[in-house]
Amino acid sequence: MAGMKVSAYRGYDKNLADGTMERKETIGFILVMIAAISWSTAGLFTRVVQTDIPTTLLWRSVFGGLIVMAIFAVTSNQSKIVDLFRFSMGEFVIAIVSALGMASFISEIFYSKIANVSLVYGAVPLVIGRVMFRSRLS
């Protein structure tokens, strides 16, 4: 690889020449780190709040929805804001499954130890991959 030209390596010649690929990778890395830190504190903040499960779900959903709408408003045309409230059947199913997952996650945290919840939450993708897609763990 040492003797190869940049243009022959994955076709990144234009992006590497002006540095945009490196900037995008840096921004992507920072965003993934922020998401990981935020995600890892979900159990802590859920335990600290002294409310019942439905109230916690309500406020978590309200703030999550507001953040999604703000990101959508910033990243899209202003004329497309109405599209945020139009769902296809697939998007509706995803919303229902996501809501059930969040309700289960919050309920688990209220009734179990955070370490147990994190273990189950982390293992679910592996189990789904093994059962549904018959993939081998490596």
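Guide: What follows is a set of questions about labels and the values behind them.

Guide: This is a predicted model, where local features need pLDDT of at least 70, side-chain atom pairs count only at pLDDT 80 or more, and totals for chains, interfaces and linings use all residues. Residues are numbered from 1 along each chain as its sequence is written, and side-chain values use heavy atoms, with hydrogens and water left out.

Visitor: How do you know that the span of helix 4 agrees with its 23 residues?

Guide: The expected span is 1.5 Å times one less than the number of residues. For helix 4, residues 53–75, that gives 33 Å. Its end C-alpha atoms are 33 Å apart, so the two agree.

Visitor: Why is Thr56 called buried?

Guide: Buried means under 20% relative accessible area, exposed over 50%, and partly exposed in between (1.4 Å probe, protein chains only). Thr56 has 10%, so Thr56 is buried. Thr56 lies in helix 4.

Visitor: Why does Val62 count as partly exposed?

Guide: Val62 has 33% relative accessibility, so Val62 counts as partly exposed. Val62 is in helix 4 too.

Visitor: What touches Thr56, beyond residues up to four places away in sequence?

Guide: Contact means heavy atoms within 4.5 Å. With those neighbours not counted, Thr56 touches Thr46, Val49, Thr51, Ile106 and Phe110. Leu57, with neighbours within four places left aside, is in contact with Met102, Ala103 and Ile106.

Visitor: Which residues make up the largest nonpolar core?

Guide: A nonpolar core is a set of buried Ala, Val, Leu, Ile, Met, Phe, Trp, Tyr and Cys residues joined through side-chain atoms within 4.5 Å. Here the largest has seven: Ala42, Ile53, Leu57, Phe105, Ile106, Ile109 and Val117. Helix 4 and helix 5 are the elements that give two or more residues to this core. Helix 5 gives the most, with three.

Visitor: How much of the chain counts as buried?

Guide: Of its 138 residues, 12% count as buried.

Methods: Helix = DSSP H or I, 4+ residues; strand = E, 2+ residues; numbered from the N terminus.
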